[in-house]
Amino acid sequence: MPVATPKTSDVDLFADEVLLDPYPTYARLRDLGGVVHLPATDVYALTRYHVIRDALADWETFSSTSIGFNPMVNEALTGTSLASDPPVHTRLRATLTANLSPRALRGLKDQIDAKADSLVAELVAKGSFDAIDALARAFPLEVVADLIGFTGYARTNMLRWGQAAMQVIGPMNQRTAESFPIAGELYGWCSSVTADDLAPGSVGRGIFDAQARGDIPDNTAGHIIHQYLGAGVDTTIAAIGNILALFSAYPDQLELVRKDPALVPAAFSEALRFWAPVHAWGRRVRRDVEIDGAVVPAGAQVAILFGAGNRDPRHYDNPDAFLVERNPIDHLSFGYGPHGCAGQGLARLEAHAIIQALARRVERLVTGPETRIPSNITRSIDQLPVTEVVPA
Amino acid sequence: MKILIDRSRCEGHGLCEEAAPSLMHLDDDGELVLDHDEVGGDVLAAAGAAVRACPVAALRLA
């Protein structure tokens, strides 16, 4: 078969209108090819399910040394698990997940379930509230703060630090430039944080204890805490906000989960598939590589479009429908392979707890129009006014 | 065929157990145990589903 160069499109992946609703753009790019060159940001976008999944598995060709879309952020992330390749990555990942894997988190389930249930009960009684502030932000912030042991200054700043840490992964646009100083505050705090700054008995303290024992190298504890906060806050907030908006928009789907609570994990997978919390993630191609019959040259910057792959009709039937019974456990929103989301176990605990509580206590959420603010990497709802809760 | 686990990658997410509960389970410590690693015939499809379900690509069939 003759080898072609990838098709080209003038789409700017990081333009406001694309960030607000990327799905029409994803469909156009997917139709052009599994890989499409976008000169506006000089990236090669991966658009189809199998292309994305294969690239995520092939760390030797698709290096994580360029997960961000500007050189400053890639430089800043050098030496982290997120931005390194095996064999170095394997060791860093093990350190990162020692306290974060489902194995390590098993004891937390009851506590997280109880927290979600009491928060949802309180809001049902209240009847009107902003779903994002009162639930999608409040819940993960509390869970992550308690888990890592944030108090005082760090706890107050978690939300803006978490947002900025994701925003700066974008290309050097105005959003990125404005977010670098805030991401710098987080970096600065993590560089000087000590065990005494974190609550006794927390996972954060445990990481410092491991450092003191020599189980992990000197000066790594702060970096691990940086990654927990940078990666684990904004994305989880987006996912939980999406769940609330989707159950409000599709009450028949909430009804299915209410009738059969065994659908809770499937409902979360489907929410992640339907609206990917992460818009684009980078890789650097190490060698000339053929993708769907077109060659991407060595050294090229790749943009992985998880949301485009998740709606690929080549892989999912009726991909633009939100169907909790679909159970798409192979969705791409957590990535896949050696760099698959390290916090997905915690994300599942949090989201399952919220969905269970909703299914138990809510028949219907009546909401006003959602508001979105364009953001480079995380796609989330900014405000979602709940005007009435029909209790179960 | 045989199911192979890359222990350095397995983090105990448990999606394989959901996909193929007759072939594997997480023990009380959250470690993956293969109840049957030699697979063929009827259970090959379940083994393939478990391999595909692993979010960190820690399982393969060989």
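This is a predicted model: local features need pLDDT of at least 70, side-chain atom pairs count only at pLDDT 80 or more; totals for chains, interfaces and linings use all residues.
Buried area is the accessible area that two parts lose on being put together, summed over both.

**Entry 1**

I looked up the interface to begin with. Chain A and chain B bury about 1,500 Å² between them, and 46% of that sits on carbon and sulfur atoms. Three residues stand out on the chain A side: A:R103, A:R106 and A:I329 supply 38% of the area that chain A buries against chain B, more than any other three residues. For the contact itself I noted 17 residues from chain A and 18 residues from chain B.

Next I went through the pairings across the interface. There are 2 salt bridges between chain A and chain B. I picked out A:R93 with B:E11, where the closest N and O atoms are 2.7 Å apart. On the side of chain A that touches chain B, the elements giving two or more residues are α5 (88-97), α6 (102-105) and α17 (344-361). By type, the residues on that side come out as 5 nonpolar, 7 polar and 5 charged.

**Entry 2: a histidine in a loop**

I then turned to A:H331, which is in the loop between α16 (306-310) and α17 of chain A. Is A:H331 buried or exposed? Its relative accessible area is 7%, so it counts as buried. What surrounds it? Setting aside neighbours within four places in sequence, A:H331 is in contact with A:S269, A:L272, A:R273, A:N310 and A:Y316. I also found a polar atom of the A:H331 side chain 3.0 Å from the backbone nitrogen of A:S333.

**Entry 3: chain B by itself**

I wrote down 2 helices and 4 strands for chain B, in the order β-α-β-β-α-β along the sequence. Its C-alpha trace spans about 30 × 20 × 15 Å along the principal axes. A compact globule of 62 residues would have a radius of gyration near 11 Å, and chain B has 10 Å, so the two agree. Of its 62 residues, 44% count as buried. Among contacts in chain B with a separation of 6 or more, 57% are between residues 24 or more positions apart.

**Entry 4: salt bridges**

I followed a few inside chain A.

A:D292 and A:R48 meet at 3.2 Å, N to O. This pair links distant parts of the chain, 244 residues apart: A:D292 is in the loop between β7 (289-291) and β8 (294-296), and A:R48 is in the loop between β3 (43-46) and α3 (49-57). A:D292 is partly exposed at 39% relative accessible area, whereas A:R48 is buried at 15%.

A:E142 pairs with A:K115, with the closest N and O atoms 3.9 Å apart. Here A:E142 is in helix α8 (residues 131-148) and A:K115 in helix α7 (residues 109-126), 27 residues apart. A:E142 is partly exposed at 33% relative accessibility, while A:K115 is buried at 17%. This pair belongs to a network of salt bridges linking A:K115, A:E142, A:D146 and A:R155.

A:R137 and A:D133 also form a salt bridge, 2.9 Å from N to O. Both lie in helix α8, 4 residues apart, about one turn of the helix. I have A:R137 as buried at 10% relative accessibility and A:D133 as partly exposed at 47%.

Technical notes
Residues are numbered from 1 along each chain as its sequence is written. Chains are lettered from A and ligands numbered from 1 in the order in which they are written. Side-chain values use heavy atoms; hydrogens and water are left out. Contact means heavy atoms within 4.5 Å. Buried area is the accessible area (1.4 Å probe) that two parts lose on being put together, summed over both. A salt bridge is a side-chain nitrogen of Lys or Arg within 4 Å of a carboxyl oxygen of Asp or Glu. Ala, Val, Leu, Ile, Met, Phe, Trp, Tyr, Cys and Pro count as nonpolar, Asp, Glu, Lys and Arg as charged, and the others, Gly among them, as polar. Buried means under 20% relative accessible area, exposed over 50%, partly exposed in between (1.4 Å probe, protein chains only). A polar contact is a pair of N or O atoms within 3.5 Å; within protein, one must be able to donate a hydrogen and the other to accept it, and residues adjacent in sequence count only if both atoms are side-chain atoms. The radius of gyration is taken over C-alpha atoms; the globule rule is 2.2 Å times the number of residues to the power 0.38.
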